[in-house]
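Keep the viewer open as you read.

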Amino acid sequence: MRTLTLRFLAAGLLLLCASRLALVIWQWPRVEAVQGLWPVMLGGLRIDVTMLCMIAVLPAVLSPWLGHLALPTRLAAWWFRLGWMLLVLLEVSTPQFIVEYDTRPNRLYIEYLTSPREVSSMLWEGYKGVLLAALLALLAAAWLAGRLFPTQVRQARLRLAWRPLLSLAVLAAMVLGIRGTLAHRPINPSTVAFGSDAMVNTLALNSLYGVCDALYRLQDERAARVNYGKLAPGEALAVVREAAGLHGAPLDPQIPTLHAQHATVRRERPLNLVIVLQESLGAQYVGSLGGAGLTPELDALSRQGWSFTRAYATGTRSVRGLEAVTTGFLPTPAEAVLKLPRAQAGFFTLAELLGRQGYVSRFVYGGEAHFDNMRGFFLGNGFNQVIDRKRFGKTVFTGSWGASDEDMFRELDALLMADRDPQQDKGSGGRPTFTLAFTVSNHSPYEYPAGRIAPQGDPATAHNAVRYADWAMGRFFAQARQRPYWQDTLFLVVADHDSRVFGASLVPVRHFQIPAVILGADVAPRRDDRLISQIDLAPTLLSLMGVDSVHPMPGHDLTRQAAGRAIMQYGNNYGYLTESGQLVVLEPDKPARQYRYSAPQDYVAQPPDPALVRQALGHALWPVQAYREQQYRLPALAPARPAALAGAPAAAPPR
C-alpha cells in the first residue's frame, strides 16, 4: 500500500501538471496577457497536492497497519485506479468544456449529468470526433492504471512499535497537503486566483478539484453573504428598496419589497401576454445591436416595437434567464430558484400574480420540461399548463433538445387561436392568458430542419442555428400580425442569455448584452438606449398590459423611470454596471474591484467607490436572505385587484 500510495501521488502530479501545461500552451495569448505562467503552474501544483492527498489519505494512513495484507492491498489498488480514472476523465473533458463555457468543469458539469438522455444525445450528434478521442484516451489510461497500481504488490510487515508513529506522521503530512497552507483558512480556488481573466484563473485548478469544490459549495445553497462580504442587518434590504424607488413602510413586513404598482396604460380589459424566450441569442449575433447581422427578422421587429438596445441578462444559463423574466428575482451565486427546494411552491411568479386576476398561464417548450426542473417549478408557482414536446403531436423536425422552433411556434399560434373560441378544449375558455414560449433550436449541436435557410459553411454551427431561429420567429410574427389575437396581445421577445459567455475579464459584460423587444397591440415603435436588466421587463409588461398589481419585484417599470443599472452573475463573480459605465465586480473572499467599462470590451481600473460598492453588495446579499426567509412571494390573501392603491408604497413617479 505504501508503494501504491507513492506511485499514485507521483503519477497524479505528472498527469495534472502535464495537462495544465498543455492547457496553458493552448491558451497562451490569454495566459501571457495576465503574466500567468508561473501563477498558474505553481498555484496549480498546490491545488494538485490538495486533491491527490484527499484521495490518498485513507490508504496512506492505514498502510503501516495493513500494507502487508492481501485484501487491503487489493482494495487500495482498485481505489487508486478509480481515482486515477476520475482525474483522467475530468482532464480529458476540460478542453471541450472550455470551448463551450470558457472555464474548467464546474457546477454545470454536475448539472448536465442529471439529464443523461439529453446530454448523451447532444454529444453523439455534435461531438462524435471528440467522444472518440476521449474514449481512446480513457482506454489508454485504464491500461496504464493496471500497470501502475497492480493488486499483487505487498510490503513487509512493519514492527508494531513503528506503526502508530508512521501513521501519525503520514496523517500530519496528508492533512497539511489537504489544507495546502499553514494559514488560518485552507486553500480554495480564491487562493490561487490572481488575475482579471476568470478562465485563466481556473487553469490553476484541476478539473476534479473544480467539480468537487462545486459539489461542496452546493450545500446550503451557497449563501452570498459568506462569499462577498457583510452589511449591517437590514442594510441590504434598504439598498434594494431605495434603488427600486420604494418609500415608506412595506405593505407587509414579512414581504419587505411588496408594493403596489399602478399601470400607466389604462385599459377596459387587460391585454394577453406572450413572452418568447430565445435560447442563447446574445447581442453578438444581432445586427441592430452591433452584432454579426444574422437576425434580419428580429432587426425588423425592433423597428416595429419598443426596442431596448442596452438590455443585459442576469446570468449565463437558461434557468437564470427564466428566473429573471418570470419572477423578476435578483441573481445569486446559488442555483437559479427554479432548482432550489424552498422555491418549489409559494415563490412569486408573473403567473401567480396574473392568475389572481383571472389569467390562464402556460409554458410552451419544444423540449422536455423536466429539464432544469422547469415543469415542477412552474406548476408549483402559478402556471396552469406545461405544454412540451410530448404534447406537440406531429412535428416537422425533432433534434437532440426537442422539437424545432417552427414546431413550437406552430403550437403557440394554435393555442392563441384556440383562446378565441370558448368551445375549444385547448383554449382558455375566454379568460385572458399569459403564455411563456421557450425556443430550443439555437443550442449545440445546432440541429434544425433543412431547406429553411441557406447555411454558410458547416450547417451545424451557432451562426446557422441563429439564422434558422430568426427565420422561424419571423415567420411566426408575420402570421401573428394577421391573426385576431394580435390586437389584444402584448409580446416580449427576449434572450435568456448569450451563447458561450467568455472573455479575458472577471465579468465579460459584452456577452451579457441581449436583445429585448416589446410589440403587439398598440405598442408604438421606439428605440430605447437606457441601460436595463432582465428583471425590469416584468414590471414594465404589467404596466403596458393595463394590470394594476401588488408584487415584490424590485425591477423598474420602464414606462415610469429608467433602471440605470444592470446586474450580472458570472460563476462566482458578481457584476453591477451603472448607466455611466462604472462596473463593480464582487469576488468571493476578495475586496471589490471597480472599472470604467465601455463597449465592447474596454475595462479601465478605478478606485472603488464605497457608495457604489454598497449598492452592488446590497443587491448581491438581499436575494439570498429573501429566498432563505421566504420573503419573495405574494400574501396568502392578496386581493385579485388592489382596491385602494393610494398611500401604498409604490415605484417612484414618472421621469
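## The five-stranded sheet

Two strands count as paired when DSSP finds at least two bridges between them. With that in hand, and remembering that this is a predicted model, look for an open sheet of five strands in the order E13-E14-E15-E16-E17, where the pairing is antiparallel. Strand E13 (565–570) and strand E17 (602–606) are at the edges; each has a single partner strand, so one side of each lacks a neighbour in the sheet. On average, neighbouring strands here are turned by 25° against each other, ignoring direction.

For a closer look, take strand E14 (residues 573–578) and strand E15 (residues 582–586), which pair in the antiparallel sense over four bridges. Tyr574 has Leu586 of E15 as its bridge partner. Helix H21 (residues 610–628) packs on this sheet, touching E13, E14, E15 and strand E16 (593–598). The direction of H21 makes about 125° with that of E14.

## The eight-stranded sheet

Another open sheet is formed by eight strands, ordered E5-E4-E8-E2-E9-E10-E3-E11, and its pairing is mixed. Its edge strands, E5 (385–387) and E11 (526–533), each pair on one side only. Neighbouring strands of this sheet are turned by 15° against each other on average, direction ignored.

Within it, strand E9 (residues 489–495) and strand E10 (residues 513–519) are joined in the antiparallel sense by four bridges, and Leu492 has Ile518 in E10 as its bridge partner. Helix H20 (residues 537–545) packs on the sheet, where it touches strand E2 (272–278), strand E3 (306–312), E9, E10 and E11. The direction of H20 makes about 165° with that of E9.

## The nonpolar cores

Which residues touch the most other members of the largest nonpolar core? They are Ile275, Phe363 and Phe434, in a core of 128 residues. A second, separate core has 36 residues, including Leu4, Leu16, Leu52 and Ala60.

Leaving aside residues up to four places away in sequence, the contacts of Ile275 include Val325, Leu350, Phe434 and Leu492. Among the others that Ile275 touches are Thr435, Val494 and Leu541.

## Helix H4

Helix H4 (residues 70–101) has 32 residues, which at 1.5 Å a residue should span 46 Å; the C-alpha atoms at its ends lie 45 Å apart, in agreement with that. Where does H4 bend? The bend is at Thr94, by about 40°, and a proline, Pro95, follows within four residues. Just after H4, Asp102 adopts a positive phi of about 55°.

Note on methods
Residues are numbered from 1 along each chain as its sequence is written. This is a predicted model: local features need pLDDT of at least 70, side-chain atom pairs count only at pLDDT 80 or more; totals for chains, interfaces and linings use all residues. Side-chain values use heavy atoms; hydrogens and water are left out. A nonpolar core is a set of buried Ala, Val, Leu, Ile, Met, Phe, Trp, Tyr and Cys residues joined through side-chain atoms within 4.5 Å. Buried means under 20% relative accessible area, exposed over 50%, partly exposed in between (1.4 Å probe, protein chains only). Contact means heavy atoms within 4.5 Å. Helices (H or I, at least four residues) and strands (E, at least two) are DSSP runs, numbered from the N terminus. Axes are lines fitted to C-alpha atoms, for helices over the stretch in contact, and angles run from 0 to 180 degrees between N-to-C directions. The expected span of a helix is 1.5 Å times one less than its number of residues. The bend at a residue is the angle between axes fitted to the seven residues ending there and the seven starting there.
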